4 protein chains.
Amino acid sequence: MSHGVALIGTGFMGKCHALAWRGVAPVFGGVHPRLEILCDVTQAQADEFAARFGFARGMADWEAAISDPAVDVVSITTPNGLHRPMAEAALRAGKHVWLEKPMALTLADAQAMAALAAAHPRQVTLLGYNYLRAPAFQAALALVQDGRIGTPLAFRGVYDEDYCADPALPWSWRMTHEGGGLGALGDLGCHLVSVMVALMGEVTEVTAMTQIAVPQRPAPDGPRTVENEDSALALIRFASGAQGSFATSRVARGRKCRLQWEVHGSDGTIVFDQENMNELWIHRAGEAGFTRHLTGPDQPDFAAFCPAPGHNFGFNEQKVIEARDLIRAIDGGVPCGPDFAEGVQIERIIHAMARSQGRPVRMEDMKHDAA
Amino acid sequence: MSHGVALIGTGFMGKCHALAWRGVAPVFGGVHPRLEILCDVTQAQADEFAARFGFARGMADWEAAISDPAVDVVSITTPNGLHRPMAEAALRAGKHVWLEKPMALTLADAQAMAALAAAHPRQVTLLGYNYLRAPAFQAALALVQDGRIGTPLAFRGVYDEDYCADPALPWSWRMTHEGGGLGALGDLGCHLVSVMVALMGEVTEVTAMTQIAVPQRPAPDGPRTVENEDSALALIRFASGAQGSFATSRVARGRKCRLQWEVHGSDGTIVFDQENMNELWIHRAGEAGFTRHLTGPDQPDFAAFCPAPGHNFGFNEQKVIEARDLIRAIDGGVPCGPDFAEGVQIERIIHAMARSQGRPVRMEDMKHDAA
Amino acid sequence: MSHGVALIGTGFMGKCHALAWRGVAPVFGGVHPRLEILCDVTQAQADEFAARFGFARGMADWEAAISDPAVDVVSITTPNGLHRPMAEAALRAGKHVWLEKPMALTLADAQAMAALAAAHPRQVTLLGYNYLRAPAFQAALALVQDGRIGTPLAFRGVYDEDYCADPALPWSWRMTHEGGGLGALGDLGCHLVSVMVALMGEVTEVTAMTQIAVPQRPAPDGPRTVENEDSALALIRFASGAQGSFATSRVARGRKCRLQWEVHGSDGTIVFDQENMNELWIHRAGEAGFTRHLTGPDQPDFAAFCPAPGHNFGFNEQKVIEARDLIRAIDGGVPCGPDFAEGVQIERIIHAMARSQGRPVRMEDMKHDAA
Amino acid sequence: MSHGVALIGTGFMGKCHALAWRGVAPVFGGVHPRLEILCDVTQAQADEFAARFGFARGMADWEAAISDPAVDVVSITTPNGLHRPMAEAALRAGKHVWLEKPMALTLADAQAMAALAAAHPRQVTLLGYNYLRAPAFQAALALVQDGRIGTPLAFRGVYDEDYCADPALPWSWRMTHEGGGLGALGDLGCHLVSVMVALMGEVTEVTAMTQIAVPQRPAPDGPRTVENEDSALALIRFASGAQGSFATSRVARGRKCRLQWEVHGSDGTIVFDQENMNELWIHRAGEAGFTRHLTGPDQPDFAAFCPAPGHNFGFNEQKVIEARDLIRAIDGGVPCGPDFAEGVQIERIIHAMARSQGRPVRMEDMKHDAA
């Protein structure tokens with residue numbers, strides 16, 4: 001089955017989606033996206049990127065793009081404030097939605113979006129939690145789910161970068177609640193939550209502290225106040241009885257994409273760091289130490305990219321797998337996620353962290369609270 | 001000035017102290033310990049170890065050993081339950097005390113010991129927090145204190161081992177409150193606290209969760225209950241305004257001595273892992289990434305052991321530095337620590353963690369509470 | 001300027017070229033490949049892959065494909081024995097040629113191809129030495145060329161894999177001189193030579209030893225003899241006066257893509273390992289140790305793929321840069337390499353190694369010898 | 001049985017021997033060295049170090065020290081030029097000899113020493129190849145010898161440091177043939193040979209190139225010529241049929257003690273780097289990758305130092321094991337090595353490398369040549 005695609009946005013994630021839509025058929029075969037509409041802010045830009053990205057047409061009017069009859073799926077890669085109106089328009093137009101994270105700026109927005117998605121059960125929604133697609137991550141997840149490290153006892157997770165570490169970095173709207181949501185929790189923390197929930201299951205309680213390391217930043221008219229979080233630390237209780245620690249920072253000097261986690265099981269331990277995303281470290285009871293398992297065709301989905309182990313899988317290629325999962329979900333009903341319903345759970349967790357201020361917050365209460 | 005030494009205990013730490021007392025003069029020069037009495041449970045054993053460890057005499061009666069006039073300093077390396085009576089006897093006999101951690105089984109005991117030490121201000125007390133002596137740690141500490149990574153913003157600390165990971169490991173008195181104190185928090189956590197406080201300064205609040213991963217363990221008469229903690233996770237507030245995460249486990253499969261920590265400063269980051277204790281990882285603003293600084297004569301105290309960089313410093317050698325610090329404190333009044341007063345602060349922190357059960361505990365309240 | 005592309009082959013490297021041709025315009029912009037013909041062994045397969053890879057037409061007749069007027073550039077990814085006839089046909093048809101390595105099964109073939117290329121100076125030839133394109137490699141090369149590590153004194157290079165380590169791996173034509181050329185030297189060693197020559201300049205002499213670790217392998221009709229090299233070791237003299245060591249193996253258990261090298265300069269050292277191709281390790285005089293430089297937008301070409309550092313670059317993406325380089329060479333005369341002339345030098349070096357048998361072989365003599 | 005010890009020298013290796021003699025009884029028990037005489041250049045220095053290192057007497061006359069009836073074993077840690085006269089005096093005086101490497105400045109000297117040792121078969125000789133004693137090395141050796149990685153096929157060895165990398169380092173007698181012997185080959189290369197021969201067995205042929213990276217160095221009276229090697233590269237043939245590569249440098253910027261080697265076996269690979277001497281990396285056929293085996297009580301001799309795994313073993317502690325091995329050899333006839341006979345083989349190999357100049361040198365010829 002062929003699927004008409006509209007892609008909205010041509011920035012970091014826009015290009016990443018474009019490469020995914022271009023690569024998914026060559027890599028996997030058996031999928032048939034038609035790259036119909038590329039949507040950017042002006043017609044000229046849209047036309048230019050349509051030509052460059054291999055889309056049939058450029059359009060500046062995203063509402064028209066979404067409602068275009070040639071379009072079956074909409075890739076939304078615009079600034080966070082546009083996620084809700086675009087995703088809702090797409091759902092209402094009967095389209096499948098592939099939306100970058102975070103879902104929205106507020107929890108209420110995210111919940112409204114999930115409610116609308118629930119009302120359109122035949123349309124697939126998928127959020128861009130791409131780190132779930134790395135072959136090493138998928139391999140780790142399979143080990144956990146198959147009980148290869150016994151019962152998961154503890155999770156230790158970190159997602160640190162340093163893109164805001166320099167205090168001379170100018171103030172921007174990304175540093176406000178309204179424009180940038182929860183800061184590091186929204187940019188980075190939600191990715192770590194997606195990974196944590198996939199590995200460990202349902203979260204029942206969080207206790208968190210947050211920090212604004214650089215309270216004011218230079219702006220043309222003098223220093224302005226940073227509103228959202230530079231970093232957050234949390235304790236986690238899981239429904240399974242396991243416990244976890246959680247940390248994220250956008251001011252961690254020298255860290256570039258340190259999405260690093262460990263799962264401690266009763267019979268083994270798995271360790272991963274996205275900065276070396278082709279290495280999975282596994283220890284199982286009785287072994288002499290941790291074994292470095294390089295990404296190769298023995299890990300999920302890698303063989304479609306390359307038949308040779310140790311030939312590195314790249315960040316962008318995660319998105320190709322994501323595109324394939326989306327198409328499979330549309331075609332065959334193979335569930336893929338996180339969809340909007342699961343996305344709301346992720347949002348609840350980071351919002352609970354933002355609210356905690358050192359006190360335990362039960363996830364059950366977040367649900368009622370925001371209902 | 002020469003100092004007569006009595007060493008009580010010949011186990012893991014007993015041998016470690018013996019090697020330190022044997023090595024300190026050759027390594028550093030200018031120090032003059034006289035190895036007078038080796039104390040073990042029977043006279044035969046004491047004599048045997050006295051000969052082997054190079055002590056002049058063996059004794060089975062520790063009280064006599066402590067009060068022996070030839071003795072100026074007492075090394076106490078016995079099981080935790082004997083720490084208080086031995087340390088107090090030594091203080092009362094006018095001796096300097098070098099005591100292995102944890103100070104005591106209960107916070108009340110530790111506080112009583114500190115009170116007694118305060119009443120003997122001319123006698124030096126030193127607790128065996130040996131990880132503070134590693135050249136790489138000392139180098140890191142100097143970087144932090146000299147402001148080389150700017151203002152410390154966050155601490156991330158872990159101390160994981162797996163010595164209790166196997167559920168088939170038999171029950172022992174170490175797994176009871178009375179015999180083993182706080183479990184992983186007492187065995188491992190207190191070391192991590194010693195490091196954290198040295199790097200980050202005073203702790204004002206902790207919030208912790210603990211876990212007993214293996215609730216019952218085999219005993220000759222059937223399964224018995226494990227009372228103390230297999231693992232703990234905590235959030236930390238520092239007086240400086242910095243925040244921290246803290247984790248320790250004795251059931252972390254594959255971890256052997258993972259005392260791993262990071263200090264995030266406004267201008268740089270330092271990372272260390274005791275399993276590779278000769279590597280210090282440093283990033284400072286403007287550099288391309290983390291630099292691996294191998295232990296060498298440019299780090300404190302290493303040159304006395306070896307003039308060549310990259311020639312590994314070992315675990316036992318930490319204790320030689322500790323012995324030198326103790327002697328210097330006795331001779332010249334150069335303060336060294338943690339002494340009993342600082343040790344109580346460490347104990348308060350781990351006891352606060354043990355009590356927290358997910359609620360914030362102010363360290364101020366621990367002080368009042370236990371006073 | 002737009003360029004019509006024919007791609008011959010759909011295997012490991014065929015798919016890799018397809019992804020490169022698909023990705024090069026979205027990634028870099030300003031390039032305009034037209035994917036005209038996909039060539040495979042049967043018309044059905046060719047049609048299927050043309051649809052999947054996004055080529056306009058499928059063809060089974062490679063000679064027709066090459067001579068097709070819509071085609072400007074030919075990507076050749078077929079088995080090594082077909083490299084010469086296809087490349088020569090393409091050159092004779094006036095087409096630019098992008099050829100996978102090794103150039104050919106024999107040195108004579110390679111030299112003939114280079115001679116033909118020399119006779120078609122307006123057509124670009126490019127060999128698929130993709131490891132030269134990794135951003136970390138390009139960054140390293142720039143450091144060397146800019147004198148940032150002073151005068152290069154020594155090269156240490158290894159390329160190890162284990163795809164033939166299992167003695168139960170059946171015999172195949174790849175293990176014969178006729179079908180598989182020089183074995184590990186041809187499969188892996190030539191890549192390492194490409195890297196070595198780029199970093200260190202002209203080679204004047206090699207001394208090598210080779211080994212067949214598994215002399216016979218199972219075949220349906222009984223054990224058959226392996227003719228070509230499982231591994232090789234060599235000493236290298238460079239025209240600059242620098243010296244080098246060189247090692248390659250296809251039977252190195254546990255190695256997957258260990259193309260690992262060091263350049264020792266008078267003022268610094270650079271270390272790289274393709275298994276962690278996003279890490280470059282740099283030490284410069286006066287620094288405390290080696291710094292880990294993660295691939296990011298500060299390394300050549302990465303920003304076009306991703307604006308964020310530490311977000312891993314992948315093996316396949318090297319080929320996208322290669323495609324861009326080829327197009328730039330065609331369009332603007334920006335030289336790119338290794339072309340066929342440089343490729344012959346690489347071939348001479350590995351053939352010299354294969355012949356050496358422990359005696360020094362002067363590259364000057366290889367030139368005369370094979371002329 | 002008790003053994004009287006004389007130690008000659010108090011520098012880097014002198015202190016290292018002193019610590020070994022002090023530590024060997026506490027660590028291992030069952031050994032009884034008596035520290036009789038400490039020998040240094042003046043009586044005052046000798047007395048001072050005797051007191052500091054715990055020896056009974058200081059002496060300035062090494063010949064008297066060696067012939068003293070209280071002395072059974074002589075530790076020789078003086079500059080290389082004194083090795084032969086001291087070792088020969090000790091042998092003639094009926095003493096056991098523990099000699100630092102390299103044996104002597106010339107091969108002829110080494111051979112004369114070995115001949116004399118052969119004439120005193122009841123006296124033990126031991127050369128200070130301490131890297132053979134690291135628990136991780138011993139564990140690796142056992143794996144190789146027990147066939148756990150199958151048949152050894154190849155050795156890759158490097159020993160790099162950077163102590164002469166700075167061209168501003170002043171000229172010294174260590175840079176002459178007469179005073180410093182073979183340079184990097186003598187300082188570092190012989191250690192790597194000791195490791196290589198232990199792991200791989202007899203060497204039959206070497207082919208080497210050497211390099212003087214800094215031909216002249218500053219001296220008070222103007223630049224002076226460096227005579228011996230800054231680096232060397234070699235190819236090795238082993239009697240077993242295995243092949244090896246070998247590299248050593250004293251001008252490798254950033255390398256501090258990189259004695260790094262790999263053994264490639266038919267069924268597995270072992271990798272070690274002395275800069276992280278507590279990590280052994282092992283891959284065996286069928287495993288997912290390399291496993292990091294931290295030094296612990298499951299490796300030879302470590303338990304005597306520390307019962308806990310992951311608690312780092314140090315460089316100096318290697319020498320404690322060496323002392324124990326020497327005593328065991330004296331007491332019980334347990335052979336230990338390399339003795340002078342084996343030491344000559346090591347010397348032959350590095351001298352063959354120094355002579356090779358790119359041509360194969362058969363070890364058989366070295367034997368005849370120097371006989």
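Please keep in mind that the model is predicted. Chain A and chain B bury about 3400 Å² between them, and each chain brings 45 residues to the contact.

**The contact between the chains**
- Carbon and sulfur atoms account for 53% of the area that chain A and chain B bury.
- On the side of chain A, the residues that lose the most area to chain B are A:M209, A:L235 and A:R253, together 21% of what that side buries.
- There are 8 salt bridges between chain A and chain B.
- B:R253 and A:D267 join their side chains in a salt bridge, at 4.0 Å from N to O.

**What chain A supplies**
- Strands 7, 8, 11, 12, 13 and 14 of chain A each supply at least two residues of the side that touches chain B.
- Strand 12 of chain A gives the most, with 6 residues.
- By type, this side of chain A holds 18 nonpolar, 18 polar and 9 charged residues.

**A look at strand 13 of chain A**
- In strand 13 of chain A, 8 of its 8 residues are buried.
- A:R258, A:Q260, A:E262 and A:H264 point one way from the strand, while A:L259, A:W261, A:V263 and A:G265 point the other way.
- Strand 13 pairs with strand 7 of chain A in the antiparallel sense over 8 bridges, and A:W261 is the bridge partner of A:G157.
- Strand 13 also pairs with strand 14 of chain A, again antiparallel, over 6 bridges, and here A:E262 has A:V271 as its bridge partner.
- Strands 13 and 14 of chain A form a hairpin with 2 residues between them.

Notes. Residues are numbered from 1 along each chain as its sequence is written. Chains are lettered from A and ligands numbered from 1 in the order in which they are written. This is a predicted model: local features need pLDDT of at least 70, side-chain atom pairs count only at pLDDT 80 or more; totals for chains, interfaces and linings use all residues. Side-chain values use heavy atoms; hydrogens and water are left out. Contact means heavy atoms within 4.5 Å. Buried area is the accessible area (1.4 Å probe) that two parts lose on being put together, summed over both. Helices (H or I, at least four residues) and strands (E, at least two) are DSSP runs, numbered from the N terminus. Ala, Val, Leu, Ile, Met, Phe, Trp, Tyr, Cys and Pro count as nonpolar, Asp, Glu, Lys and Arg as charged, and the others, Gly among them, as polar. Buried means under 20% relative accessible area, exposed over 50%, partly exposed in between (1.4 Å probe, protein chains only). Two strands pair if DSSP finds at least two bridges between them.
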